[in-house]
Amino acid sequence: MISAIETLGLSKQYGKHWAIRGIELVVPVGSVYGFLGPNGAGKTTTIRTLMNFIAPTKGIANVLGLDSQEQTAQIHSKVGYLTGELEYYYNLTGRQYLAYMGNLQRQLNPRSINKLSKRLKADLNQKIGKLSRGNKQKIGLISAFQHQPELLILDEPTAGLDPIIGQEFVAMVAEHQLSGRTAFISSHFLAEVEQMCDMVGFINKGRILESLTLQKLYEKSIHEFDVVLDAPASKIMLNGVRGVREVVINGNAIHCRIAGPVDNFIKAMSKQNVKSFSTRDLSLEDVFFKMYGKEAMGRV
């Protein structure tokens, strides 16, 4: 299998602190890979090392078959990159900034810029310094997508975007993948990654905890449900339902957690007279705790 990104023992040390340690990633060509972790987990350091904005202390990284340290210019010409910490020339308009960046890399595509600006509802005639966080983010996304790169490397790409524009971004990533290209997207929102990705990697405290397909994530993940019936509830109602965890019955109410697929639970509840049904999206910290336990959350 050809890899768009492959690292071996990638590590970065600052003084006595290891920002990342022993990172090993394999991102297949044509995939959308979600890089998940809490703030400060090492996502941005990993990405900056892939782009050779910072040099690793040890280890190697190959991007599109190119060495990240020896062939940086070639990598940059093939990658659409969005930084997690936006820095612009604030006296330029969005259009001037995009023209400058496109010409700098000899990849300016005005037609693509116009199309993307309409999709993202971006005002390219306003000075960047006067734009909101979300509207600045749109400029960064246009810059990353406009030259139709082989690989997108996007650090927290939906930061500041409203939900409608966020869904348009999801559609753009899907189109990018359908064309046979690859995306590597960091996030600390599990639900966001689930919409886009077919593979995910979990990082915490600078270490990769696990890398798995989205299907495997579904099989391992924990879902929480609260159901209120029109009659007293009983644990018997959940007999035969796979993955049931921590059932609490309180009169007509059922609170439970389901590990893995929830189809059987939904079918079991459909046989009852349900007054209300709700599920709670777990935070990424909850997911880490439930999937990997306390030792992972405190791991160094």
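View 1. Y89 has 47% relative accessibility, so Y89 counts as partly exposed. (Buried means under 20% relative accessible area, exposed over 50%, and partly exposed in between, with a 1.4 Å probe and protein chains only.) Y89 sits in the loop between β7 (79-82) and α3 (94-104). Helices (H or I, at least four residues) and strands (E, at least two) are DSSP runs, numbered from the N terminus. Together, Y89, Y100 and L104 make a nonpolar surface patch of about 330 Å². Patches are made of residues with over 30% relative accessible area and no salt bridge; like charges are joined within 9 Å, nonpolar side chains (Val, Leu, Ile, Met, Phe, Trp, Tyr) within 5 Å. Accessible areas come from the Shrake-Rupley method with a 1.4 Å probe; for residues, only the protein chains shown count as cover.

The model is predicted: local features need pLDDT of at least 70, side-chain atom pairs count only at pLDDT 80 or more, and totals for chains, interfaces and linings use all residues. Residues are numbered from 1 along each chain as its sequence is written, and side-chain values use heavy atoms, leaving out hydrogens and water.

**View 2. V200 in the largest nonpolar core.** This core has 39 residues, and F145 and V200 touch the most other members. (A nonpolar core is a set of buried Ala, Val, Leu, Ile, Met, Phe, Trp, Tyr and Cys residues joined through side-chain atoms within 4.5 Å.) Not counting residues up to four places away in sequence, V200 touches residues including Y33, L36, V193 and L217. Contact means heavy atoms within 4.5 Å.

**View 3. The salt bridge of E156 and K43.** The closest N and O atoms of this pair are 3.8 Å apart. (A salt bridge is a side-chain nitrogen of Lys or Arg within 4 Å of a carboxyl oxygen of Asp or Glu.) E156 lies in the loop between β8 (151-155) and α6 (163-178), and K43 in helix α1 (residues 43-50), so the pair ties together parts 113 residues apart in sequence. E156 and K43 are both buried.

**View 4. The salt bridge of E246 and R257.** Their side chains meet at 2.6 Å, N to O. E246 belongs to strand β13 (residues 244-250) and R257 to strand β14 (residues 253-259). E246 counts as exposed at 52% relative accessibility, whereas R257, at 17%, counts as buried.
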